[in-house]
Amino acid sequence: NTSFGFLFNITELSVLEVRQKAEVLQKQYPQDLDISFMNECIHFRSYLKDLPESVTTKSVLYLCKVLKDDNLHDIYPYVNIALRMFLCVPASNTSAERSFSTLKRVKTYLRSSMSDNRLNSLAILNIESQLTNSLNYDKIIEDFARSNARRKKLIEFIN
């Protein structure tokens with residue numbers, strides 16, 4: 001989401017820009033971010049600017065780490081919430097859409113009585129088709145045959 005973008009370069013923005021961008025984000029998520037979020041962002045910006053120059057803002061994950069390591073999540077609770085929200089929001093929803101379209105191909109009329117476990121397994125194989133296609137099936141078959149041969153010998157030995 002582009003509303004979170006200012007968090008990447010919060011130290012390079014002016015106080016006014018930080019306030020404006022924080023206000024836009026707060027208005028998008030009024031139930032999650034309090035009105036004090038704007039002031040927290042400005043204070044957090046000052047805190048980051050006071051850090052040694054070797055410690056620069058690298059990513060949102062880095063900012064979360066700074067909050068945790070320096071025990072600042074109580075001082076900047078809404079900044080912490082905003083950063084975690086950004087980290088939890090998927091970049092796109094294509095993988096979920098791909099999963100649903102896969103289900104149409106896997107579960108056909110002829111396969112309508114298949115169990116959920118088998119359906120899930122087939123769907124995962126189809127969704128991860130790139131990985132599935134790169135597998136060496138000959139080796140998998142050999143390993144399976146060897147393990148079954150050992151099992152047969154063990155059963156014969158027991159009987």
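Start with the whole chain on screen. Residues 24 or more positions apart make up 50% of the contacts in the chain that have a separation of 6 or more, where a contact means heavy atoms within 4.5 Å. Before you click further, know that this is a predicted model, where local features need pLDDT of at least 70 and side-chain atom pairs count only at pLDDT 80 or more, while totals for chains, interfaces and linings use all residues. Residues are numbered from 1 along each chain as its sequence is written, and side-chain values use heavy atoms, with hydrogens and water left out.

**Stop 1: the whole chain**

Switch to a cartoon view. You'll find eight helices and zero strands, so named because helices (H or I, at least four residues) and strands (E, at least two) are DSSP runs, numbered from the N terminus. Read from the N terminus, the order is α-α-α-α-α-α-α-α.

Of the 159 residues, 25% count as buried. Buried means under 20% relative accessible area, exposed means over 50%, and partly exposed is in between (1.4 Å probe, protein chains only).

**Stop 2: color by confidence**

Color by pLDDT, the predictor's confidence in each residue, from 0 to 100. The chain averages 78, and 73% of the residues score at least 70. Which element has the lowest mean pLDDT? Select residues 94-106: that is helix H5, with a mean of 62, whereas H1 has the highest, 91. Where pLDDT is low, the predicted coordinates should not be read in detail.

**Stop 3: helix H1**

Select residues 15-28. H1 has 14 residues and reaches 20 Å from its first C-alpha to its last, close to the 20 Å expected at 1.5 Å a residue. The expected span of a helix is 1.5 Å times one less than its number of residues.

Show the side chains of Val 18, Ala 22, Leu 25 and Gln 26, which are buried. Look down the axis of H1: its buried residues fall within an arc of 100 degrees, so they line one face of the helix. That arc is taken from the directions from the helix axis to the C-beta atoms. On the other side of H1, you'll see Leu 16 and Lys 27, which are exposed. What do the buried residues of H1 pack against? Bring up helix H2 (37-50) and helix H4 (77-88), and there they are.

Before leaving, select Gly 5, in the segment before H1. Gly 5 is partly exposed, with a relative accessible area of 26%. Draw a C-alpha to C-alpha distance from Gly 5 to Lys 21: they are 16 residues apart in sequence and 8.8 Å apart in space.

**Stop 4: helix H2**

Move to H2. Its end C-alpha atoms are 20 Å apart, which agrees with the 20 Å that 14 residues should span at 1.5 Å a residue. Its buried residues include Phe 37, Met 38, Cys 41, Phe 44 and Leu 48, and the buried residues of H2 pack against H1, H3 and H4.

Click on Cys 41, which counts as buried at 0% relative accessibility. Cys 64 is in no disulfide, and the nearest cysteine sulfur, that of Cys 88, is 8.8 Å away. A disulfide here is a pair of cysteine sulfur atoms within 2.5 Å, and the structure holds zero of them. Cys 64 counts as buried too, at 12% relative accessibility.

**Stop 5**

First select Asn 71, in the loop between H3 and H4. Its phi is near 55 degrees, a positive value in a residue other than glycine. Most residues other than glycine have a negative phi.

Next, H4 itself: its buried residues are Val 79, Asn 80, Ala 82, Leu 83, Met 85 and Phe 86. What covers them includes H1, H2 and helix H3 (60-69). Zoom in on Asn 80, which is buried, with a relative accessible area of 14%. Leaving aside neighbours within four places in sequence, Asn 80 is in contact with Leu 67 and His 73.

**Last stop: helix H7**

Finish at Thr 132, found in helix H7 (residues 129-134). Thr 132 is buried, with a relative accessible area of 14%. Not counting residues up to four places away in sequence, Thr 132 touches Leu 125 and Tyr 137.
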